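Here is a short briefing on one protein model. Keep the sequence and the 3D view open while you read.

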Amino acid sequence: MNPSEQFVEHGMSQQNLKRKSCATVLTLAYQSLGIVYGDLSTSPLYVYKTTFSGKLGLKEGDEEIFGVLSFIFWTFTVVALFKYVFIVMSADDNGEGGTFALYSLLCRHARLSILPNQQATDEKLSAYTTQDSADTWLSAHLKLFFEKHPRFQKGLLIFVLLGTCMTIGDGVITPAISVFSAVSGVQVKIKELHDNYVVIISCVILVALFSIQHYGTQRVAFMFAPVVAAWLLCISGIGIYNIFHWNRQIYCALSPLYLLRFLKTTGIEGWVSLGGVVLSITGVEAMYADLGHFSALSIKIAFTCLVYPCLILAYMGEAAFLSKHHYDIQGSFYKAIPETVFWPVFIVATFAAIVGSQAVISATFSIISQCCALNCFPPVKIVHTSRRIYGQIYVPEVNWTLMCLCLAVTIGLRDTNMMGHAYGLAITTVMFVTTCLMTLVMVIVWKQGIIKAIICLVLFGSIELLYISASICKVPEGGWIPLVLSFIFMSIMFTWNYGTMKKHEFDVENKVSTSKILSLGPCLGMVRVPGIGIISVIWLQVSQLFLAILLQTCQHSIRC
């Protein structure tokens with residue numbers, strides 16, 4: 001009996017069931033504003049400032065600002081909307097998202113894991129489901145290729161670990177840049193405020209943010225969702241005001257022709273500045289990694305109906321302001337706010353920046369949980385904070401580690417431009433890893449043709465490689481931070497996975513068959529006693545090791 005029939009049997013009609021499911025989806029969509037979209041919605045605080053922080057500047061004409069806006073619009077539309085919302089969100093591993101979820105999904109359909117997978121016992125698990133469609137020529141050859149070449153399996157794991165560790169690095173940088181950008185906005189009105197006070201206030205806010213994580217996703221989401229909703233409505237309203245007040249022709253920048261004009265006019269300086277443009281989509285990977293905390297449909301509804309139009313209006317409004325104020329680049333966001341509503345918007349911006357960090361914090365919890373499940377991270381305490389949604393978790397050790405690293409970045413850098421440079425390199429690398437894994441999912445899991453897979457790889461991969469090349473130039477100016485953090489986390493993950501693999505090999509070599517133990521039973525004088533014996537184990541190999549130790553103990557007793 002399916003769930004619908006059960007509800008009907010208990011007196012609930014199909015119409016009421018549909019209303020209840022719709023209400024659940026809309027509730028989750030509202031909650032997702034407070035968890036998923038805080039990072040993405042606070043990007044306008046620092047995108048234009050970071051883009052024009054280098055040698056690129058605004059000249060007498062509007063060619064540069066129109067070109068940057070065009071890049072922001074088309075990047076946001078193609079990558080955030082088309083790639084993540086319409087395509088990537090459809091690839092989940094039992095409701096979980098992120099690079100490791102894609103890797104787990106691939107391992108379920110092909111022998112890509114270094115440790116044995118696709119075991120007969122896996123089929124008995126309720127969560128272990130695979131599609132029954134027959135393999136295509138391409139998917140069969142890809143599976144066979146990875147099975148015959150173990151070194152490519154190891155290379156794929158390292159590639160996935162790179163993307164995963166960059167996401168964790170994103171979780172370190174995002175809270176620092178979001179909170180610091182919001183708090184530093186007060187210097188627009190209070191110019192004598194020293195930078196040390198801005199750093200202290202930012203650190204206090206960060207400590208408070210990480211201290212409330214143990215309350216769980218649901219409570220935090222209900223507390224944060226009104227803040228993000230108010231923030232999105234504020235910046236979209238200000239954007240509309242700036243468009244009509246400063247430059248009504250700003251909509252012309254949505255034409256893709258301005259992309260080519262921008263690169264042709266600015267040359268290398270324009271190409272390097274793209275490392276700031278990519279900050280407009282920094283929250284999309286966290287949006288996908290937070291999939292386990294909500295549902296794909298609820299996240300899609302929130303993005304398409306509220307987040308996307310509000311952010312586009314905000315970017316257009318700030319561009320319209322900059323087209324008439326070429327010398328106000330570094331404080332353009334706060335200077336574009338009308339004087340009468342500055343302080344209310346500043347307060348909302350500060351709270352929104354705090355909320356903006358929640359997306360990557362929750363995403364990091366999910367990613368660490370997935371890494372532990374695939375034997376790529378030491379076991380940590382995982383607290384499930386919801387009785388209904390399995391993916392809503394809290395990891396205390398990871399939470400406090402992230403807090404310490406965020407405080408170190410905030411105190412050490414004290415500059416949103418350097419934080420932005422580090423931020424851009426981390427997120428572009430993760431997005432490219434996701435694109436490559438999605439191409440494999442389309443072929444191996446979805447059984448799509450090679451043409452669709454190549455189009456996906458070339459279209460999205462070329463955009464992301466363009467931004468990666470621009471972000472690499474920023475390595476000396478802060479881009480080294482995610483590289484160092486990723487190297488540290490990759491070393492931990494790969495070492496743990498290597499040790500787990502060696503342990504598995506040892507267990508297999510020293511495995512004692514059940515028939516041998518039973519054959520030795522009468523010789524050892526074993527007597528069966530009434531009752532039930534329970535051995536609590538985490539892995540199947542542990543029980544085999546226990547039996548081996550038991551056998552050695554029995555043999556030692558005979559010799560004695």
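A salt bridge here is a side-chain nitrogen of Lys or Arg within 4 Å of a carboxyl oxygen of Asp or Glu. Glu 464 and Lys 83 meet that definition, with their closest N and O atoms 2.5 Å apart. The model is a predicted one. Across the whole structure, a search finds three salt bridges.

**Salt bridges**

- Side chains of opposite charge can pair when their charged atoms come close.
- Glu 464 forms a salt bridge with Lys 83. Glu 464 sits in helix 20 and Lys 83 in helix 5 (residues 63-87), so the pair ties together parts that are 381 residues apart in sequence.
- Buried or exposed, what is Glu 464? Glu 464 has a relative accessible area of 1%, so it counts as buried. Lys 83 is buried too, because its relative accessible area is 2%. The cut-off for buried is under 20%.
- Arg 108 and Asp 93 form a salt bridge through their side chains, at 2.4 Å from N to O. This pair links distant parts of the chain, with Arg 108 in helix 6 (residues 99-109) and Asp 93 in the loop between helix 5 and helix 6, 15 residues apart. Both Arg 108 and Asp 93 are buried.
- Glu 505 pairs with Lys 502 in a salt bridge, and their closest N and O atoms are 3.7 Å apart. The two are three residues apart in helix 21 (residues 480-509), so about one helical turn separates them.
- Glu 505 is partly exposed, with a relative accessible area of 33%. Lys 502 is also partly exposed, with a relative accessible area of 37%.

**Surface and cover**

- A nonpolar patch lies on the surface. Its members are Ile 450, Ile 451, Ile 454, Ile 455, Leu 457, Val 458 and Leu 459. Together they have about 640 Å² of accessible area.
- Ile 451 belongs to helix 20 (residues 450-472). Its relative accessibility is 62%, so Ile 451 counts as exposed. The cut-off for exposed is over 50%.
- Helix 12 (residues 268-277) is mostly covered. How many of its 10 residues are buried? Seven are. They are Gly 270, Val 272, Ser 273, Leu 274, Gly 275, Gly 276 and Val 277.

**Cavities**

- Rolling a probe the size of a water molecule over the atoms shows where empty space is left.
- The structure has four cavities of 30 Å³ or more. The largest cavity holds about 80 Å³ of space.
- Which residues line the largest cavity? The lining consists of Ile 235, Ile 238, Gly 239, Asn 242, Ala 314, Gly 317, Glu 318, Phe 333, Ala 336 and Ile 337.
- Helix 10 (217-246) and helix 14 (296-322) each supply at least two residues of this lining. Helix 10 gives the largest share, four residues.
- By class, the lining of the largest cavity has six nonpolar, three polar and one charged residues.

**Second largest pocket**

- The second largest pocket has a volume of about 410 Å³. It is lined by 26 residues, and those closest to its centre are Lys 49, Ser 184, Gly 185, Gln 187 and Gln 330.
- At least two lining residues each come from helix 4 (47-51), helix 8 (150-184), helix 9 (195-211) and helix 15 (332-335). Helix 15 supplies the largest share, four residues.
- The lining of this pocket divides into 11 nonpolar, eight polar and seven charged residues.

**Single residues**

- Cys 404 lies in helix 18 (residues 396-413). Cys 404 is partly exposed, with a relative accessible area of 48%.
- Cys 404 and Leu 206 are 198 residues apart along the chain. Their C-alpha atoms are separated by 9.6 Å.
- Where does Val 186 lie? Val 186 lies in the loop between helix 8 and helix 9. Its relative accessible area is 12%, so Val 186 is buried.
- Val 186 and Val 198 are 12 residues apart in sequence. In space they are 8.8 Å apart, C-alpha to C-alpha.

Terms used:
Residues numbered from 1 in each chain as written. Predicted model: local features only at pLDDT ≥ 70, side-chain atom pairs only at ≥ 80, totals over all residues. Heavy atoms only, no water. Patch = residues over 30% accessible without salt bridge, like charges linked within 9 Å, V, L, I, M, F, W, Y side chains within 5 Å. Areas by Shrake-Rupley, 256 points an atom, 1.4 Å probe, with all protein chains shown as cover. Buried < 20%, exposed > 50% of the residue type's maximum accessible area, 1.4 Å probe, protein only. 1 Å grid on protein atoms, 1.4 Å probe; cavity = no way out; pocket = protein on both sides within 12 Å on 5 of 7 lines; lining within 4 Å. Points joined across faces, edges and corners; volume = space filled by probe spheres on them. Nonpolar A, V, L, I, M, F, W, Y, C, P; charged D, E, K, R; others polar.
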